[in-house]
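Grab the viewer and follow along.

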Amino acid sequence: MALDELTEELARSAAGGDHRALGELLARIEPDVMRHCARILPYHQDAEEASQDTLLAVARNIGRFEGRARFSTWLHIVTANCARTTYRSLKRRAAEQSSDELPTQKPDVARVSVIAGSRLDLLDAMEALEADKPDLAQALVLRDIVQLDYNEVAEQLGIPLGTAKSRIHQARKYVQGVLGDDYR
């Protein structure tokens, strides 16, 4: 989600309290946010829900954007977190429905969401990682989902570059362990 300088300037103005700039900012980022959510979530309606949640989170929290890093980096993190939260919410809702209404079979990992480019088993593995080792999950999300380079991950997390690389490596090993032979 590489954003142009006008968008970055709108973000700085919106963070300073300019409501007009916030409206323009939300309109400019909406297509990119939707595209990014669709890369994470397998179904269009789920991606739309996560996209709306992301835009709402940006509107509510733009004052927290300090401008130390680029707005696009901050937006990547907010988008990935909202998409993962939407996934957890949908999963929880499905689990709450009676077993008579929903079949309880594990999806074929080779076929799940090929069109969207994401896999539900990978989202489950990320959820397990986040519950067990949140520091590792945060580094992995920034590197493999948000696609920041290692230096940017280290900067965002406020840790040395070597620590960032180590966390990403450990997180990948953890996810591979959860996925087992299905991991490709």
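**Exercise 1: helix 6 against helix 8**

Helix 6 and helix 8 are roughly perpendicular to each other (that label covers angles of 65 to 115 degrees). This is a predicted model, where local features need pLDDT of at least 70, side-chain atom pairs count only at pLDDT 80 or more, and totals for chains, interfaces and linings use all residues. Residues are numbered from 1 along each chain as its sequence is written, and side-chain values use heavy atoms, with hydrogens and water left out.

Task: work out the angle between helix 6 and helix 8 (residues 161-179), and find which residues make the contact.

Step 1. Get the geometry: the two axes sit 8 Å apart, at an angle of about 95°. Axes here are lines fitted to C-alpha atoms over the stretch in contact, and angles run from 0 to 180 degrees between N-to-C directions. The helices are DSSP runs (H or I, at least four residues), numbered from the N terminus.

Step 2. List the contact (heavy atoms within 4.5 Å). Helix 6 brings D135, L136, A139, L140, R143 and D144, while helix 8 brings R167, I168, Q170, A171, R172 and V175.

Step 3. Sort by class: six nonpolar, one polar and five charged. Ala, Val, Leu, Ile, Met, Phe, Trp, Tyr, Cys and Pro count as nonpolar, Asp, Glu, Lys and Arg as charged, and the others, Gly among them, as polar.

**Exercise 2: helix 4 against helix 6**

Task: find how the axes of helix 4 (residues 71-96) and helix 6 (residues 134-145) cross.

Step 1. The axes come within 10 Å and cross at roughly 110°, which makes helix 4 roughly perpendicular to helix 6.

Step 2. I77, A80 and R84 of helix 4 meet V141, L142 and I145 of helix 6.

Step 3. That contact divides into five nonpolar, no polar and one charged residue.

**Exercise 3: the largest cavity**

Task: say where the largest cavity lies and what lines it.

Step 1. The volume of the largest cavity is about 50 Å³.

Step 2. Its lining consists of R84, Y87, R88, L123, M126, E127 and E130. Helix 5 gives the largest share, four residues.

Step 3. By class, the lining has three nonpolar, no polar and four charged residues.

Step 4. Domain 1 (1-100) and domain 2 (113-183) both contribute to the lining, so the largest cavity lies between them.

Terms used: Helix = DSSP H or I, 4+ residues; strand = E, 2+ residues; numbered from the N terminus. Parallel < 35°, antiparallel > 145°, perpendicular 65-115°, else oblique. 1 Å grid on protein atoms, 1.4 Å probe; cavity = no way out; pocket = protein on both sides within 12 Å on 5 of 7 lines; lining within 4 Å. Points joined across faces, edges and corners; volume = space filled by probe spheres on them. Domains from an automatic or database assignment.
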